[in-house]
Amino acid sequence: MRETVSEEQMTESVLGNAPLTRLSASISWVIPDNPPSRGPVDFFAAFKSALSQNDKSSQVCIVDRSNWGLWNSDAYPYEYELQGEGQGISYEIDVTRFCVTMTAPERYAGWKPFSKIVRQGMTLLAQALEQTVGINHFSSAELTYCDEFSPMHLQGESPSSFIRNTLGFSSDLPDRLTHDMPGTDDHILLSIRRVLNERGLSANITVNDTSFGTDAVDPADGVSLQTTISSATPILATPDDAMQCFDDLHQWSHALFFSLISPMEHRFSEAEALS
């Protein structure tokens, strides 16, 4: 059984010049064999109605998915994407997944304000699902942080040195290959999945060198880091249970990130404790 996070534990540090570029919380479910509704039309209509009553500033976009066949194999060629542009937040929804994404990192003020927006979306989702699909639990949830370390963060280190020596990732080839293929690594792309023991959680970490800016002739070198903590343990389909799961995922994500950057934390502006 996964340990939960108490209110007293919900304290975090936010860096003044953090590399965060994107943050998303998503949750999935399985459609019952005989859902008590006409399918996606009812579900999307219920969600759109609840959203329009809750957030007058949101807009609804319908994106064509021509070959999309879900919900008991009935083709339904649309996905609704709901944008709350005033907050830099997007809601993305299809018939088995809902995602809340923070698209304006400069407005990120810590997990607690963002989690309130996630809770709003989960409340609307739970209402729509209860009215149309009749599910009693979510099947999985995940929290993804995307960070980009710019030259300001690297402070003269090459991207490969930063990945190996500062973040601490190993990208060495086996000795027999370095003997047969003498040379140096030009680019690094590492992807690791780690199951967290007895927690019902897993961590997926991807790190690679990248380029920043719009100057195609002389782009700035940097490092991209994406971390996803996910849970495959069934979650009761209520806003409270969903948010408890996301709070747990955030605690793991926060600890993972600050452990990774501990050798370079002095390169950031003074951290601010938020509770």
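Visitor: Hi! Which residue in E8 is the bridge partner of alanine 25?

Guide: That's leucine 143. By the way, this is a predicted model, where local features need pLDDT of at least 70 and side-chain atom pairs count only at pLDDT 80 or more, while totals for chains, interfaces and linings use all residues. Residues are numbered from 1 along each chain as its sequence is written, and side-chain values use heavy atoms, leaving out hydrogens and water.

Visitor: Which strands does E2 pair with?

Guide: E2 (residues 20-28) pairs with E8 (residues 140-149) in the antiparallel sense, over 8 bridges. E2 also pairs with E6 (residues 97-102), again antiparallel, over 6 bridges. Pairing here needs at least two DSSP bridges between the strands.

Visitor: What stands opposite serine 26 in E6?

Guide: Cysteine 99 does.

Visitor: Is E2 mostly covered or mostly open?

Guide: Mostly covered, with 7 of its 9 residues buried. Buried means under 20% relative accessible area, exposed over 50%, and partly exposed in between (1.4 Å probe, protein chains only).

Visitor: New topic: which residues of H4 are buried?

Guide: Pro159, Ser161, Phe162, Ile163 and Thr166. Their cover includes E8, H3, E9, E10, E11 and H6, with contact meaning heavy atoms within 4.5 Å.

Visitor: What's up with the phi of glutamine 155?

Guide: Glutamine 155 isn't a glycine, yet its phi is positive, about 50°. Most residues other than glycine have a negative phi. Glutamine 155 sits in the loop between H3 (151-154) and H4 (159-166).

Note on methods:
Helices (H or I, at least four residues) and strands (E, at least two) are DSSP runs, numbered from the N terminus.
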